[in-house]
Amino acid sequence: AVLPPYQGRVLSFAEGKSGGDYVWCPVSAGLKYVFEEEAATKGSLAKEPSYCVDSSKATTGNPARYVNGAGRREECKQVNLEICQIGDVMYFRTMRAIPAGTELITDYGDFYWSNNEPC
């Protein structure tokens, strides 16, 4: 099964660069931050939509907001969702049947947590 897309306010490049607890940026935005950092944060792209999404205030009808990341190696066995990106939109897809009431956990990747090993 696929959860509805990650929803929230679309951020400009300048806003997206600062991140946040509920901010997700598509790969295309990340590449601009790496290869065009000056333009993306202060220059011609700074006010343009980055397609980074801040769901901190999108608390209803947005189940993807409540997905947690495996933060410790032992939690990797509990990962039950994978992150999928289609265009600049992020979805979560179940990896197996998930009983009601089960915590939704994904692997954010080795770049997300600074103090753990990737799953």
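**Salt bridges and a nonpolar patch**

E37 forms a salt bridge with K17, and the closest N and O atoms of the two residues are 3.9 Å apart. This pair links distant parts of the chain, since E37 lies in helix α3 (residues 37-41) while K17 lies in helix α1 (residues 13-17), 20 residues apart. The model is a predicted one, and a search of the whole structure finds six salt bridges.

- E37 counts as partly exposed, with a relative accessibility of 42%.
- K17 also counts as partly exposed, at 40% relative accessibility.

**The bridge between K32 and E36**
- A salt bridge joins K32 to E36, where the closest N and O atoms are 3.8 Å apart.
- K32 counts as partly exposed at 29% relative accessibility, and E36 counts as partly exposed at 37%.

**The network around R72**
- R72, E74 and E75 are linked in a network of salt bridges, and within it E75 pairs with R72 at 3.4 Å between the closest N and O atoms.
- E75 is buried because its relative accessible area is 18%, which is under the 20% cut-off.
- R72, in contrast, counts as partly exposed, with 46% relative accessibility.

**The nonpolar surface patch**
- V27, L31, V34 and F35 make a nonpolar surface patch of about 440 Å².
- V27, one of these residues, is placed in helix α2 (residues 27-35), and V27 is exposed because its relative accessible area of 55% is over the 50% cut-off.

Notes:
Residues are numbered from 1 along each chain as its sequence is written. This is a predicted model: local features need pLDDT of at least 70, side-chain atom pairs count only at pLDDT 80 or more; totals for chains, interfaces and linings use all residues. Side-chain values use heavy atoms; hydrogens and water are left out. Patches are made of residues with over 30% relative accessible area and no salt bridge: like charges are joined within 9 Å, nonpolar side chains (Val, Leu, Ile, Met, Phe, Trp, Tyr) within 5 Å. Accessible areas come from the Shrake-Rupley method with a 1.4 Å probe; for residues, only the protein chains shown count as cover. A salt bridge is a side-chain nitrogen of Lys or Arg within 4 Å of a carboxyl oxygen of Asp or Glu. Helices (H or I, at least four residues) and strands (E, at least two) are DSSP runs, numbered from the N terminus. Buried means under 20% relative accessible area, exposed over 50%, partly exposed in between (1.4 Å probe, protein chains only).
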